[in-house]
Amino acid sequence: MSDLVIARSLFGTTMGFHIIFATIGVGLPFMILTAELLYQKTKDIEYVVMAKRWTKAFAVLLGVGIPTGTIAGTQLSLLWPGFMKVIGIVMALPFQIEIYAFFIEALFMSIYVYAAERIAPWMRIASLVLVAIGAMGSAVLITNVHAFEGTPAGFRVVDGKIVDVHPWVAFFNPSFFINAGHVAFSAYTTGAFVIATVSAYKMLKSDSSSRVFRFHRKALMLSLVIGGIFSLLTALNGHETAQSLHKYQPEKLAAAEGLFETQSHAPLAIGGFTDRETEKVKWGIEVPWALSFLAGNSFDTVVKGLNDFPEDEWPPLFIHTLFNGMVGIGSLLILIAFLGIFWKKVFKKEHLPKWLMWLYVASGPLAVLSIEFGWIFACTGRQPWTIYRVLSTKDSVTTATNLGVLFILFTAVYIILALSVIFVLRYYFKKNKVEDDLNRAEQKGVPLFSSNS
């Protein structure tokens with residue numbers, strides 16, 4: 001492999017690992033806040049126990065998300081000096097503000113964990129609101145750099161020099177709000193379905209008449225409501241994203257749909273894979289005119305094909321498969337979320353069918369996989385540019401060589417971290433069972449965190 005490919009693989013592996021913890025780290029605080037709000041409204045101790053247990057899991061995940069995020073930041077400087085030079089001049093602001101967002105998240109999570117029994121209910125709610133804002137702010141500020149890469153703004157390049165810099169224009173680049181919405185909605189979706197995975201699995205392993213079963217059933221229904229709402233919002237936001245691609249990165253949209261010829265009434269290709277030789281999507285299902293409508297809210301919208309661009313500026317054609325995987329999983333999550341809600345609330349069925357329960361067990365990993373597909377699609381689909389039509393990837397990479405050893409070592413570190421997270425979570429929740437937490441809550445007047453847990 002070339003040094004460029006190894007550098008991309010090393011940074012891609014780091015981000016692929018980090019984004020799991022970063023995404024869940026945004027979604028879980030929202031679930032904790034929801035459970036705390038429900039407890040304050042209903043005084044049902046099961047909700048406060050949910051908040052407690054989810055907070056413990058969040059703390060473990062945060063403990064991995066922080067160092068992997070630090071590694072990602074370090075690798076940006078070491079592997080992509082050309083990119084960081086531009087960012088340092090034009091877009092340093094998000095990196096600086098992100099630190100404060102993280103401080104807010106960490107500070108108020110500490111207050112919630114260690115002082116919840118000593119502060120008023122409204123202060124507990126306020127702490128969690130600030131935790132959720134800090135987590136979301138941190139994610140949006142960092143991923144806004146990615147939005148800037150796709151739709152750069154706020155500066156000009158004259159004779160190879162960056163001039164006429166306007167940081168706030170760069171910050172609020174054309175993709176800012178769409179990207180921020182997608183980050184928020186998809187993170188809340190993922191957080192909810194990760195909870196659904198655990199709850200459904202515990203229900204399948206518990207007696208249906210037990211208190212544990214009822215606890216996890218309540219957690220499952222809460223996660224389906226939250227997950228259903230935000231998965232639907234993610235899909236609607238995806239429509240806006242497609243229109244943004246049509247306007248600002250047309251070759252990326254063309255590659256995502258395997259469209260080679262510019263045309264109006266362009267079809268939407270679902271499934272299959274893009275064949276370069278035949279310039280078609282093989283084994284896919286075409287929905288007539290749908291891509292034109294998706295891109296411009298009109299069947300007459302002209303969508304540019306790949307043949308309108310130099311082939312050396314085409315994104316990799318496999319992004320069609322990534323795009324379909326992301327959309328397919330998102331559609332499935334919407335379906336199963338609302339199916340479970342209807343089954344319980346409309347059909348008045350107490351027990352969900354076993355096949356549906358196993359789908360819920362799979363939903364969390366599928367949501368994470370969808371995040372991975374989306375992240376790879378977004379970054380790979382921008383190639384061969386680091387900053388679209390401003391800075392190529394080959395011009396932004398380090399001149400250092402022999403990166404293969406680092407790639408192997410970092411991969412080994414991530415495997416060890418992943419196994420450690422699994423071990424710690426399993427150990428903690430085996431030691432601290434749901435029944436024990438419920439009993440402690442009843443005996444001690446519903447403290448949120450007891451000293452021996």
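Which residues is Ser175 in contact with, leaving aside its neighbours within four places in sequence? Select Ser175 and you'll find Ala147, Thr151 and Ser244 (contact means heavy atoms within 4.5 Å).

A quick note before moving on: this is a predicted model, where local features need pLDDT of at least 70 and side-chain atom pairs count only at pLDDT 80 or more, while totals for chains, interfaces and linings use all residues. Numbering runs from 1 along each chain as its sequence is written, and side-chain values use heavy atoms, with hydrogens and water left out.

Stay on Ser175 for a moment. Ser175 sits in the loop between helix H6 (167-171) and H7 (helices are DSSP runs of H or I, at least four residues, numbered from the N terminus). Ser175 is buried, at a relative accessible area of 10% (buried means under 20%, with a 1.4 Å probe and protein chains only).

Next, select H7 (residues 176-205) and H12 (residues 354-380). Their axes lie 8 Å apart, and the helices pack at an angle of about 145° (axes are lines fitted to C-alpha atoms over the stretch in contact, and angles run from 0 to 180 degrees between N-to-C directions). Show side chains: among those meeting are Phe193, Val194 and Tyr201 in H7, and Trp358, Val361 and Ile371 in H12. The residues of this contact divide into 16 nonpolar, 5 polar and 1 charged (Ala, Val, Leu, Ile, Met, Phe, Trp, Tyr, Cys and Pro count as nonpolar, Asp, Glu, Lys and Arg as charged, and the others, Gly among them, as polar).

Conventions
Helices (H or I, at least four residues) and strands (E, at least two) are DSSP runs, numbered from the N terminus. Buried means under 20% relative accessible area, exposed over 50%, partly exposed in between (1.4 Å probe, protein chains only).
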